[in-house]
Amino acid sequence: MIHVENLTKYYGEFCAVKGINFSVDRGEIVGLLGPNGAGKTTTLRMLTGYLLPTDGTISVKGYTMPDDIVAIKGMIGYLPESAPLYNEMLVYDYLDYVAGIKGIERDRRQSHFEKLVATCGLQGIMHLQIGELSKGLKQRVGLAHAMMNDPEILILDEPTSGLDPNQITDIRGIITEIGTEKTVILSTHILSEVEATCDRIIIINEGNIVADKPTAALKQSVSGDRRDTIITVRNAGYDDVEAAVKDIDGITALERLNAPDGDISLRVASTGEMDIRPALYGRIKSHDWILMEFYQEQKTLETIFRELTKEM
Amino acid sequence: MQVMRILRKELQDYFVSPIAYIVISIFLLVTGWFFFSTFFIFGQASLRNFFSLLPIVFSFIVPAVTMRLFAEEIKVGSYEIILTMPVTFRDIILGKFFAGVTLIAAMLVPTLAYPVSISFIGTVDWGPVAGGYMGALFLGAAFAAVGIWASSVTRNQIVAFIVGTVICFALALIDKMLIFFPRGIVNFIAFFGADYHFQNIAKGVVDSRDVLYFLSVMFIGLYATYMTLHSRN
């Protein structure tokens, strides 16, 4: 649906986006992830036609920038970062204006608005001035703006930044709901957000794509061939426990961890192909120890993110 | 069509907020005062005094009308919103330009009371009056194009106002400054004076050269705006 090739953007001498390639299929929710200043917003702004690329091509459903820019803008609903809206307009007037520009006939508008108000939770604020609204409500008006003409593609730039936890959950719910039938690209640096909402993650760092994988695959890929199991036992000594488990097939390293109350805690590293947990449990069971903790450490997105985007 | 929608929204902004009323009041106050303070001394039933002042007054008032059109959007960030909707630069620029021109026209409407009230106390020659109003619209539109360009180069409305005023003021005054120029190019320089062309039309003589002058200023101003906005992305 969206194809991006060799997309490059220079701000004067500074290269913000360095020849990136990716494509997004219909119905995907793609999370654009990266530290501040990585080029996320610049990339989204080029997709929406706000900025023109220095080099490279963008095509959306067979239309290309910049020749068909108006057609592409018509297919994309865009929520810029922190939803900069006309503060002195009323919510209703604003949405009516947007509806006009996006080509929604006057007689269809009322039914359209009712649907939008329900989806975005705008009940009871249509008569207020946009400038008086809280950040969360403004974000919803921005979302209604983006979804005005039922666009096939939604592009959301940090849709939850600056919101409180309740508002974040609300907005996330709306996004997931929209995502069932539309293509969504959202940028964020909140990792739990992409984990919760996105099918696919593209990580950008310093203008380059450093990872582009389905969310599940990405989480697996970095943990790769090493897996850590943590065990904590009571009524034992470090040497005893180490001696008991160290000859299990697949274990590559043992590391003593600090545990409270005189418990013994070990990090047992093993190769990825083999599940050492049954054997490990068997060894512990055969002793008179009390098993307090037994779990496999999940590499979180956070670790992956840090590994991929840390300064070289 | 998109031009009309943007025009409507801009006009709504002008008239919902106090801007329009303040600008119109100041305009009427200034022109009314200068016009009538000498009107009874001359004792002539003409609007000549009113029109002769207009270029100077407009070079302050018009940039005040247009200064917010782009600068505010760029500052608030709503510029990103309007630019990512299915509109072209041309739609945006023309919509805002015509909104400014409409406000200027609305500002001139109440001054029609001058010729009407004068017609009760003397015989008004309606030709120059009609020409004057037509010229005033051309002048206002040309200055609006300059003001819009000034508004597109900055995110600061005060800067936009000052830049716009300086250029309009120069255009309005240039033919009063002709003594400073070498004799050979005086005629050439005089051609750039907005006042010179405006006074021609205000005499009731609509010459295509004068009309062309104002249309050129509008075109240059709007095209410069287009180039400025374009270079922004």
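User: What makes G103(A) stand out after helix α3(A)?

Analyst: The residue that follows α3(A) is G103(A), and its phi is positive, near 75 degrees. This is a predicted model, in which local features need pLDDT of at least 70 and side-chain atom pairs count only at pLDDT 80 or more, while totals for chains, interfaces and linings use all residues. Residues are numbered from 1 along each chain as its sequence is written, with chains lettered from A and ligands numbered from 1 in the order in which they are written.

User: Why is helix α3 of chain A called mostly covered?

Analyst: A residue is buried if 20 or more other C-beta atoms, placed from the backbone, lie within 10 Å of its own, and eight of the eleven residues of α3(A), which spans residues 91-101, are buried; the helix is therefore called mostly covered. The buried residues are V91(A), Y94(A), L95(A), Y97(A), V98(A), A99(A), G100(A) and I101(A). What covers these buried residues includes α4 (106-120) and α5 (135-146) of chain A, together with α1 of chain B.

User: How do you know that β1(A) and β2(A) are paired?

Analyst: Pairing requires that DSSP finds at least two bridges between two strands, and seven bridges join β1 (residues 2-11) to β2(A), so the antiparallel pair qualifies. The bridge partner of L7(A) in β2(A) is I20(A). These strands form a hairpin with two residues between them, and G12(A) in the turn has a positive phi of about 65 degrees.

User: What makes β2 and β5 of chain A edge strands?

Analyst: The open sheet has four strands in the order β2-β1-β4-β5 (chain A), with antiparallel pairing, and β2 (14-24) and β5 (63-64) each pair on one side only. β5(A) is joined to β4(A), residues 55-60, by two bridges, and the bridge partner of S59(A) in β5(A) is T64(A). A strand is a DSSP run of E with at least two residues, so β5(A), 63-64, counts as one.

User: Which residues and elements make up the contact between the chains?

Analyst: Residues are in contact if their C-beta atoms, placed from the backbone, lie within 7 Å, and the contact takes 18 residues from chain B and 19 residues from chain A. On the side of chain B that touches chain A, the elements giving two or more residues are α1 (2-16) and α5 (78-83), and the largest share, five residues, comes from α1(B).

Technical notes. Two residues are in contact if their C-beta atoms, placed from the backbone, lie within 7 Å. A residue is buried if 20 or more other C-beta atoms lie within 10 Å of its own, exposed if 12 or fewer, and partly exposed in between; C-beta atoms are placed from the backbone.
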